[in-house]
Amino acid sequence: MKKIYIVYDDAERNEGSVQIRGFQIYHKLKDSNYNFDISIMPISEALERNLKKSIILCVKPKTYNVYRRLDSSNFIIFDVLDTIAKLENADLKQFSTAIFCSDKIRNRYAQKFKYPELCTTIYHQWDERFTEGLLLSDAKQEKFSIGYFGEQIKAKFYCGIEKDMSMYYQNYFDLLNKHNCHYVIKPDNFMRNYEPLTKISTAAKVGAPVITLPDHATELLGRNYPYYVNTTIKETIAKAKESFGGYEWNLARQIMRDVKKRTSLSVIIKEYENLFKGIL
């Protein structure tokens, strides 16, 4: 059986994506019933070991040149995550295949890899660390409350948005269940709208419906989700507030419960198991 290595950029060990899609995946696969021979390490160590004839899963590679130094006998998989802009003009044919976080992204970029037919979609799971402390519980349902959680550059803003919702740009780990509705609309930027659906799976973990666009979010939320922005953002937020506790709100909460199950690590890990079983 081939050895499996999960590798990551040296400077990114503590970065959220590496923890979630690297270390959490590693620990689950290590304990899998399939007895995978698996290790995790920074790319510098992988190069120092001169790995050969192995499966190497590269989590969120930011600089392709360093990964080009991996021996060509390896089966190299990129977990692209939100480094979409780097894919656009890159020559990636020496890399075997890739994991994408939505079908929309996979359909656009699979052909850039050596084996596009092996490219797969694995949605971004919610962070297992959210099961600790306050985040074990869902957001309260006493009254409508909306918040944005994330970097300032990763949201679309409009004049007066701070009057309509609470904004958290950092240190919000323990606050995600403070609001029972999450705002997840990305800015009007081509590449931003090809990024993973992470904020949806995170909102699902705390049972919060989202205000979002009907783009590749439909892959998780379906076509009948009630709080897509089809008019204006402000009107959609007002609709969610007015329907709070009613049929549409409860429908949205049920959809989010389904997304929570679908994007849990216990479900997502089975897709990794199937991926590696198909390659080994």
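**Ground rules.** I number residues from 1 along each chain as its sequence is written. Because the model is predicted, local features need pLDDT of at least 70 and side-chain atom pairs count only at pLDDT 80 or more, while totals for chains, interfaces and linings use all residues; side-chain values use heavy atoms, with hydrogens and water left out.

**Aromatic pairs.** I searched the whole structure and found 22 aromatic pairs. Rings of Phe, Tyr and Trp (its six-membered ring) pair if their centres lie within 6.5 Å; planes under 30 degrees apart count as stacked, over 60 as edge-to-face and the rest as tilted. I looked up Phe149 and Tyr168, a stacked pair with 5.0 Å centre to centre and 5° between the planes. This pair links distant parts of the chain, 19 residues apart: Phe149 is in strand E7 (residues 146-149) and Tyr168 in strand E8 (residues 166-168). Strands (E, at least two residues) and helices (H or I, at least four) are DSSP runs, numbered from the N terminus. Both Phe149 and Tyr168 are buried, where buried means under 20% relative accessible area, exposed over 50% and partly exposed in between (1.4 Å probe, protein chains only).

I then took Tyr225 and Tyr228, which are edge-to-face at 5.3 Å centre to centre, with 65° between the planes. Tyr225 and Tyr228 are buried. I also noted a cluster in which ring pairs link Tyr64, Tyr67, Phe78, Phe95, Phe100 and Phe113.

**Strand E5.** Which way do the side chains of strand E5 (residues 97-100) point? I found Thr97 and Ile99 on one side and Ala98 and Phe100 on the other, all of them buried. Two strands pair if DSSP finds at least two bridges between them. Strand E4 (residues 75-79) pairs with E5 in the parallel sense over 3 bridges, and Thr97 is the bridge partner of Ile77. E5 also pairs with strand E6 (residues 120-121), in the parallel sense over 2 bridges. There, Ile99 stands opposite Thr120.

**Cysteines.** I searched the whole structure for disulfides (pairs of cysteine sulfur atoms within 2.5 Å) and found 0. Cys101 is in no disulfide, and the nearest cysteine sulfur, that of Cys119, is 13 Å away. Why does Cys101 count as buried? Cys101 counts as buried because its relative accessibility is 2%. Cys119 is buried too, with a relative accessible area of 8%.
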